[in-house]
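This briefing covers a ligand site and a sheet. The sequence and structure come first.

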Amino acid sequence: MTRKAPAIVILGTGSLATARKIQQLYPDALIHGLQGRVEDVDRSYQEFGATVRQLYLQDTPIIALCAAGIVIRTLASLLLEKGVEPPVLAVAEDGSAVVPLLGGLAGVNLMAREIAAGLGVAAAITTSGELRFGTCLLNPPSGYALADLELGKRFVSDLLAGESVRIDGEAPWLADAQLPQSDQAQLAIHVGCDAREVSAHELVIYPRCVMLAVTAVVPELATVVRDALRSARIAEPALACLLVSDSLMADPDLHAAAAELGVALRFAPAAESASALAAQALPQLLPPQPVNEGLAILVSSQPIDPLQIGRARGRLAVIGLGPGAAELMVPAVKAELARANDILGYETYVRMAGPFRADQVMHCTDNREEMQRARHAFELAAQGRSVVVVSSGDPGVFAMAAAVLEALHESTDPHWHAVDLEVLPGVSASLATAAQAGAPLGHDFCVLSLSDNLKPWSIIEKRLDLACQADLALAFYNPISRSRPWQLGRALEIVRQHRLGTTPVVLGRDVGRPGQTLRVLQLQALVPEDVDMRTMVLIGSSTTVAFDRPGQQPWVYTPRWYGHKP
Ligand code: SAH
């Protein structure tokens, strides 16, 4: 079964050695360590419970190096809800015990055996069927689907009660199982893709050996597919994938149908008919059966691995990491980073987004090559890869999202336009800085980049002047740099023409990153030397005020009312 890479979660340095041994078994696994207690891990977390629960909800296999009881109590609140159940194991800190806890149908016992073998101990397997037969009958390997879990549980308990069984069809993975087989048995394990009523005496397992080729997206495609399978007397779970002409790659109805059917979508260059499309992808098999002009069914004697057919629709996600701290990264961005094949961006941000697994490719570039990076991202995604372009903060705020859209707009390549493109937001530096100071942007405000690399300085002066006239609070990105030394001073001159010297100013430097600083001062005291390119400058409007906060920089806020207090 292709599973997500496991997460190895540890609480202290005492378990680091065992964690590393387990990591050798699963090279893609990341070690998560408690911040402040263990250094030198792949990911640091602040709260054990929240971290483990999040991993669980993301369907990530969890190997926790701590007492089984801790893991059980941590996940207890999630267990009553039906949903994902990834493998969860507790492993003794010193590696002397391996206890599979959850995820019996997701292969936890197999993992327990692998880890135990790696650590030279015995796994604490407690699943009776697994113990007796050496395999979990209810968890067939990838490429096979169990028809009915509840009936399956009854079937296994009958078998445990002493009944014998016969195997009807091909189940190569059961060759080594210690099953009480007999040709006269009442109970049967039936392996086949035919649609049939499942009886209580049968464990029905469908090989995913059917592919449907689609060359036209018709209304109600999912229903049309179901009808076609029914007429061909094929069980729906036996459907491995839809193979579709690549001209239909971006069709939203197609994606809706695939989601409804719960099957993988694969794509191939257009052919003259659906049968030809299917035959082209799997030429070694029996000829496909046309259903109608746009649909053909192909049945193989073996499970079909969708990953070996045609190619996937590529994906390009332009993501915002937030200011830096992991807690300020939105969960959708974390999930996107986990699924990415390729990560592109300015080196500092790519490093900030990591660490990455051995199978993920990092493409680090100079900060200035935005359009080139955007085009490179489309080239990779158009090959069917899952690509991430990283920005700090929000990707739409003086960052990569606009460049990526511009590259797409300029392109006439249909493969680029067929890419599944998504922009995922992040916490922008102005908002992260404002939050630390209180609410300086609590009323209308204006966001400006003071960089004149890509726009004329005269425009910046004009916008700044008008924003000041409009009495907006101001947020300056890119306030100063070695190649732009005088611009901030000039900008402050303009601001001072409109604002009192006592106007509160907030300077946030490396906010959300190690060594962050926050300063609150008055506009009259602000000099360009206080600011560098890693600083966010927030300047209040006429209503912005500051007041003391014990032991820290003052609170700053801009009230939501304007004119007279209501
Ligand atoms: N997309 C980013 C902004 C990129 S422009 C965002 O939404 O935050 C780069 C400028 O943003 C820097 O010159 C600095 O002014 C500001 N900046 C970015 N990250 C920052 C941080 N962690 N702390 C303070 N300012 C930051």
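Domain 4 (315-427) and domain 5 (430-557) each contribute residues to the shell around the ligand, so the ligand lies between them; the domain bounds come from an automatic or database domain assignment. The model is predicted: local features need pLDDT of at least 70 and side-chain atom pairs count only at pLDDT 80 or more, while totals for chains, interfaces and linings use all residues. Residues are numbered from 1 along each chain as its sequence is written, and side-chain values use heavy atoms, with hydrogens and water left out.

**Ligand shell**

- Val397, Ser428, Ala429, Met533 and Thr535 come nearest among the 20 residues around the ligand (a residue counts if one of its heavy atoms lies within 4 Å).
- Ten residues of the shell are nonpolar, six polar and four charged (Ala, Val, Leu, Ile, Met, Phe, Trp, Tyr, Cys and Pro count as nonpolar, Asp, Glu, Lys and Arg as charged, and the others, Gly among them, as polar).

**Polar contacts and cover**

- A polar backbone atom of Val397 is 2.7 Å from a nitrogen atom of the ligand (a polar contact is a pair of N or O atoms within 3.5 Å).
- For a polar backbone atom of Ser392, the distance to a ligand nitrogen atom is 2.9 Å.
- On its own the ligand has 540 Å² of accessible area, of which the protein covers 93% (Shrake-Rupley method, 1.4 Å probe).

**Sheet**

- Strand S24 (residues 504-509) pairs with S25 in the antiparallel sense over six bridges (strands are DSSP E runs of at least two residues, numbered from the N terminus; two strands pair if DSSP finds at least two bridges between them).
- Val506 stands opposite Val520 in S25.

How values were computed: Polar contact = N/O pair within 3.5 Å; in protein donor to acceptor, adjacent residues only side chain to side chain. Helix = DSSP H or I, 4+ residues; strand = E, 2+ residues; numbered from the N terminus.
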